[in-house]
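Hi,

Here's the structure I said I'd pass on. Have a look at it first, and then read on for what turned up.

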Amino acid sequence: MELRVLNYFLTVAREKTISRAAEVLHLSQPTLSKQLKEFEEALGVKLFIRGNRFITLTEEGIYLANKGKEIVSLVESTTANLLSDSTISGQIAIGAGETRAFEFIGQLLRDLRIEHPDIHFQLHSGNADDVLEKIDHGLLDFGLVIDPIEKQKYDSLQLPLVDYWGILVHSSHPLAKNKSITPTDIEDIPLLVSSQSFVDKQLAEWLGKNSNSLDIVGTYNLLYNASLLVKENMVSALCIDGIINTANTDLTFIPFSPSLTVNVNIIWKKNQTFSNASNAFLRLIRDVSHDNGTDK
């Protein structure tokens, strides 16, 4: 598969017409059509269906478009890092789950950019399962994740921060006046919980029993959309504090009692070969973690 032709296909998928894609690529329409036909023949699949006005991707085309973007991104970041010489430059790809600890990472990135202005960043948001998958495939250099997480395949540093679990409720909810939430408080209310692996075990330990005893009506992978359902006073959501800004809203966050805290970690693939930009970032994190006594 030629990267050049893959880029042609991705441009057509984005522009929705071959004529418009040809203009963007500075190619003639017949030349582009020929390249795409040969691309389909080489792959042995039909990638799109030509309509009267727009093209429609087949299932195979949708799959290739999604994977192709990842391939191009990986090639671009690798090329940028190879071009760096004595100057520390290049791209650092960082994925993060939902945690306000990313503010801490943001401060480190700011300091790193002040010292090395040729460094650039690629940020990806997703839950821990998504971040780990992208690290495994080489699409991310680092991941910011909260415990619990299986870290046998990864190297990691625990950051000098913790996150707090609690419940997000509508401000008119009977629980909204509580200063804290105990396991018995949430036994009979409809709940949304995180779909992240291992979270169920963590909640079960706090509850003192299996989470199946709760009235769990759904799951979420990122909290924002779940918070919109909470705003409708349909459900309440078990979540980490600080992800949703509740100031001047109809939402209230109440912490668990006894408190349920989780450590925050920066992780990367074992035996990873880093660019000089990523190495500079890792050195900075190690220095900060060592100063705070959390370097493992």
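Is K270 buried, partly exposed or exposed? This is a predicted model, and in it K270 comes out as partly exposed, at 34% relative accessibility. The side chain of K270 meets that of D155 in a salt bridge, 3.2 Å from N to O. D155 sits in strand β6 (residues 154-170), while K270 is in the loop between β11 (261-269) and α9 (276-291), so the bridge links distant parts of the chain, 115 residues apart. D155 is partly exposed too, at 27% relative accessibility.

On to the other salt bridges. The whole structure has 10 of them. As a reminder, side chains of opposite charge can pair when their charged atoms come close. R100 and D241 make one of these bridges, at 3.8 Å from N to O. R100 belongs to the loop between β3 and α5, and D241 to the loop between β9 (236-240) and β10 (251-255), 141 residues apart. R100 has a relative accessible area of 42%, which makes it partly exposed, and D241 is partly exposed at 22%.

Then there's K134 with E70, where the closest N and O atoms are 3.1 Å apart. K134 counts as buried because its relative accessibility is 16%, under the 20% cut-off. E70, at 25%, is partly exposed. K67 joins in as well: K67, E70 and K134 form a network of salt bridges.

Helix α5 (residues 102-115) is worth a look too. Its 14 residues reach 20 Å from first C-alpha to last, close to the 20 Å expected at 1.5 Å a residue. F104, I105, L108, L109 and L112 are buried in α5. They cover an arc of only 140° around the axis, so they lie on the same side of α5. The face turned away from that buried side carries the exposed residues E103 and I114.

Last, the second largest pocket, with a volume of about 190 Å³. Its lining includes I94, E98, F102, H124 and L222. Strands β3 (90-96) and β4 (119-125) are the elements that give two or more residues to this lining, and β4 gives the most, with 3 residues. By type, the lining divides into 5 nonpolar, 5 polar and 1 charged.

Cheers

How values were computed. Residues are numbered from 1 along each chain as its sequence is written. This is a predicted model: local features need pLDDT of at least 70, side-chain atom pairs count only at pLDDT 80 or more; totals for chains, interfaces and linings use all residues. Side-chain values use heavy atoms; hydrogens and water are left out. On a 1 Å grid over the protein atoms alone, a cavity is a set of points where a 1.4 Å probe fits but cannot get out, and a pocket is an open set with protein on both sides within 12 Å along at least five of seven lines; lining residues have an atom within 4 Å of a point. Grid points are joined across faces, edges and corners, and a volume is the space filled by probe spheres set on the points. Helices (H or I, at least four residues) and strands (E, at least two) are DSSP runs, numbered from the N terminus. Ala, Val, Leu, Ile, Met, Phe, Trp, Tyr, Cys and Pro count as nonpolar, Asp, Glu, Lys and Arg as charged, and the others, Gly among them, as polar. The expected span of a helix is 1.5 Å times one less than its number of residues. Buried means under 20% relative accessible area, exposed over 50%, partly exposed in between (1.4 Å probe, protein chains only). The arc is that of the directions from the helix axis to the C-beta atoms. A salt bridge is a side-chain nitrogen of Lys or Arg within 4 Å of a carboxyl oxygen of Asp or Glu.
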